[in-house]
Amino acid sequence: MKLTKLRELGNGRAKGMLPVSGGEGLPVWSLRGRQDGPTLVLTAGVHGCEYVGILTLRRLFDSLETASLRGRVLLLPLVNGEGFFPGSKQMVPSDGKNLNRVFPPPPDGTRAERIAQAVVEQVYPQADFLLDLHGGDVNEAMTPLVFFPATAPEAAADQARSAAKHLEVDYRIPSTAQNGLYSYAAQTGIPALLMEVGGMGLWLREQVELELRSLQSLMGFLDMGPQAVENLAQKEARRMCYAEASGRGLWLPRVVPGQRVYTGEVLGTVEDLDGQELETIRAQWDGIVLYHTLSLGVSGGDMLVTYGQF
Ligand SMILES: [Zn+2]
């Protein structure tokens, strides 16, 4: 497919390829409503094995009626195709970089940085709101949640937080990250969120449905469609613990995502190959487990288990 400038994508439903300097382009789909309104940017597949968002964007593109849409939805359904097709978790294979850690990118850097550059230069300027779809990767078990930017300019942070309440996920997490696709967008003043649905290399029909309903509700919140539904069951984390391995070993979790845990409870252990215990991870306070790694082998600095207090 030939490369396209976003402004060349026509009315109604249109598909194109955004140019990325020095390499393959990025698929971009556009749904333009008959009435004016904001532009919502939806991205998926930044991590190549987080599947639910990729399928949700395909469903949304095929099913959304542009006749009743106010504004425009720009979809980037597969930002890291180079990682997706060979099943490479979290990285862009040709440079080994995590695309969600290279924002803001240097000009004309490695492949991951050039993809980021295309997003910053061509997509950010169009966005009135941005939602990046992730999930637990093949090696993560996770309960659905949304991260909102806690350190972005106030207007963007406030709108993102209000919008998050309209997604069908039960946990809302303030994030101080600044170097990812959505978190850097938020630093530049674009209200932006990161939603996590799925994990363990799965893409279940009900996860896609949940995400689709969430997107429709978000469009309602942005006055682009009719279906804003505030999720009254959603809770915001008051504090978070991201427990990491202090060295190499075998990780044996003792909890599951969504499980309530109590101060002092063992969340998992790290052992050596002979079964000698190296490290015991205990809850520092009462909370709810949000995700943990399924990798048996872990190295120093790897995320083991994350829980929050709500
Ligand atoms: Zn991800």
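**Close-up views, one by one**

**View 1. R13 stands opposite L31 in β2.** The model you're looking at is predicted, so its local features need pLDDT of at least 70 and side-chain atom pairs count only at pLDDT 80 or more, while totals for chains, interfaces and linings use all residues. Residues are numbered from 1 along each chain, as its sequence is written. Helices (H or I, at least four residues) and strands (E, at least two) are DSSP runs, numbered from the N terminus. Two strands pair if DSSP finds at least two bridges between them. Here, strand β1 (residues 12-20) runs antiparallel to strand β2 (residues 23-32), and 8 bridges join them. The two make a hairpin with 2 residues between them. In that turn, G22 has a positive phi of about 75 degrees. L31 also has a bridge partner in β4, namely V73. β2 and strand β4 (residues 70-76) pair in the antiparallel sense, over 4 bridges.

**View 2. An open sheet of 4 strands.** Strands of a sheet pair through backbone hydrogen bonds, either parallel or antiparallel. Read across, the order is β15-β14-β12-β17, and the pairing is antiparallel. The edges belong to β15 (277-282) and β17 (297-298): each has a single partner strand, so one side of each is left without a neighbour in the sheet. Strand β12 (residues 249-253) pairs with β17 over 2 bridges. Look for G249, which stands opposite V298 in β17.

View 3. Most residues other than glycine have a negative phi, and most peptide bonds are trans. D108 is not a glycine, but its phi is positive, about 50 degrees. A residue is buried if 20 or more other C-beta atoms lie within 10 Å of its own, exposed if 12 or fewer, and partly exposed in between, with C-beta atoms placed from the backbone. D108 has 10 other C-beta atoms within 10 Å, so D108 is exposed.

**View 4. M200, in the loop between β9 and α6.** M200 lies between β9 (192-196) and α6 (205-221). Its phi is near 60 degrees, a positive value in a residue other than glycine. With 15 other C-beta atoms within 10 Å, M200 is partly exposed.

**View 5. The buried side of helix α4.** In α4 (residues 154-164), the residues A156, Q159, A160, A163 and A164 are buried. They cover an arc of only 140 degrees around the axis, which puts them on the same side of α4. That arc is taken from the directions from the helix axis to the C-beta atoms. An α-helix has 3.6 residues a turn, so residues three or four places apart point the same way. On the face turned away from the buried side of α4 sit the exposed residues E154 and A155. The buried residues pack against β5 (129-134), β7 (145-149), β8 (171-175), α5 (181-187), β9 and α6. Two residues are in contact if their C-beta atoms, placed from the backbone, lie within 7 Å.

**View 6. Stepping back to the chain.** There are 6 helices and 18 strands in the chain, and 48% of its 310 residues count as buried. Its C-alpha trace spans about 65 × 45 × 35 Å along the principal axes.
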